[in-house]
Amino acid sequence: MTSQMTQEESKLLNESIFEKLASRDPLLEKQAVDAVNDFTRTKMREDGFYRRIIPPLPISNDELDRQVDTDKPVKIVDKEPDSPAAVSIPFATLPTNLYIRGPRYKVTFDRIVTPRFTKDVDELRTWYMDIRQVLSDNAIKDMLAEEDGKFISAINTALASVPGATVPTSASVQWEEIAGGITRDTLWDSLKIMPNTPSNLEVHVVLLNNITIKEVAKFSRNEMGGDLSEEVMRNGWALAEFMGVKWIITIKKALVPTNTMFHFADPKFIGKSYILEDTTMYIRREAYMIEFFAYETLGGTIGHTSGLSRADFI
């Protein structure tokens, strides 16, 4: 956990970064950029739920696959092949032939960038706030929101876009509306959605917003069990695991609506996520103006829809 910087410490830090940015020495300019990079990368690991649900893996150029229809970076991922069930046969007979086919899917990459911010270097002299925090708040969190938004959009599409619809890849309904609000019974009913698919997967992570979790915190002693209800009432919701699954709480209610829960299986049953170029802060000084923006290149694909489900409590 990082401690809050004092006003004097922030001013000294800004002066140090300013001196490096104002220098014509490329080495000092690089040190100023690195001072920002270290902090933004730390914030990147702390914020956003996409990377917590499907942790991205670093990928290098020699691991990419070429495609005939695009110049974009692409990674081809193998998928576990289906096989028919075993059968009983009479003696002195051979089983039927099954030709092996290995399904695959591709992960394409895109670049996410922030707006290009500009600032007069002389105005930096008067700042008392932590310049690193300003850069982080204005740039990195927007990129995290973009990642999370693309992720939720892909999930809703994979679940046939509407509640009650059958997902073609699983021939099952994986987005259900559950009547009765959020109760102990309806919570357990929501955890039945994913295991009802042919893959028989169990829920590993539940994603919900900070308003929905307060409905769960209302559970009485009988519903929640033992002294846990009293503890939640006294200290608020601080549980990372509940009902045998991990809970991720987000404030992004525009992406995760109130009274809605997204369920995820273990990441190895969902898909792949790769980072080709991690978050980088570009800074350039020209005369008395500096400009900066952040960018990253990453890709992710849901390769198995049965590892997803959604419950809307009505």
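1. The largest pocket has a volume of about 690 Å³. The model is a predicted one, and the pocket is a feature of that model.

2. Which elements give two or more residues to the lining of this pocket? They are strand E2 (74-78) and strand E13 (271-286).

3. The lining comprises 23 residues in total. Those nearest the pocket centre are Lys79, Glu80, Asp82, Ser199 and His304. By class, the lining holds nine nonpolar residues, eight polar ones and six charged ones.

4. Now to a single residue. Thr197 sits in a loop. That loop runs between helix H5 (184-190) and strand E9 (205-209).

5. Is Thr197 buried or exposed? Its relative accessibility is 2%. Buried means under 20%, so Thr197 counts as buried.

6. What does Thr197 touch, leaving aside neighbours within four places in sequence? It is in contact with Ser172, Gln174 and Ser306.

7. Last, the chain as a whole. It has 314 residues, and 40% of them count as buried. Eight helices and 15 strands are assigned in it.

8. The chain exposes about 18500 Å². Carbon and sulfur atoms supply 52% of that area.

Conventions. Residues numbered from 1 in each chain as written. Predicted model: local features only at pLDDT ≥ 70, side-chain atom pairs only at ≥ 80, totals over all residues. Heavy atoms only, no water. Helix = DSSP H or I, 4+ residues; strand = E, 2+ residues; numbered from the N terminus. Buried < 20%, exposed > 50% of the residue type's maximum accessible area, 1.4 Å probe, protein only. Contact = heavy atoms within 4.5 Å. Areas by Shrake-Rupley, 256 points an atom, 1.4 Å probe, with all protein chains shown as cover. 1 Å grid on protein atoms, 1.4 Å probe; cavity = no way out; pocket = protein on both sides within 12 Å on 5 of 7 lines; lining within 4 Å. Points joined across faces, edges and corners; volume = space filled by probe spheres on them. Nonpolar A, V, L, I, M, F, W, Y, C, P; charged D, E, K, R; others polar.
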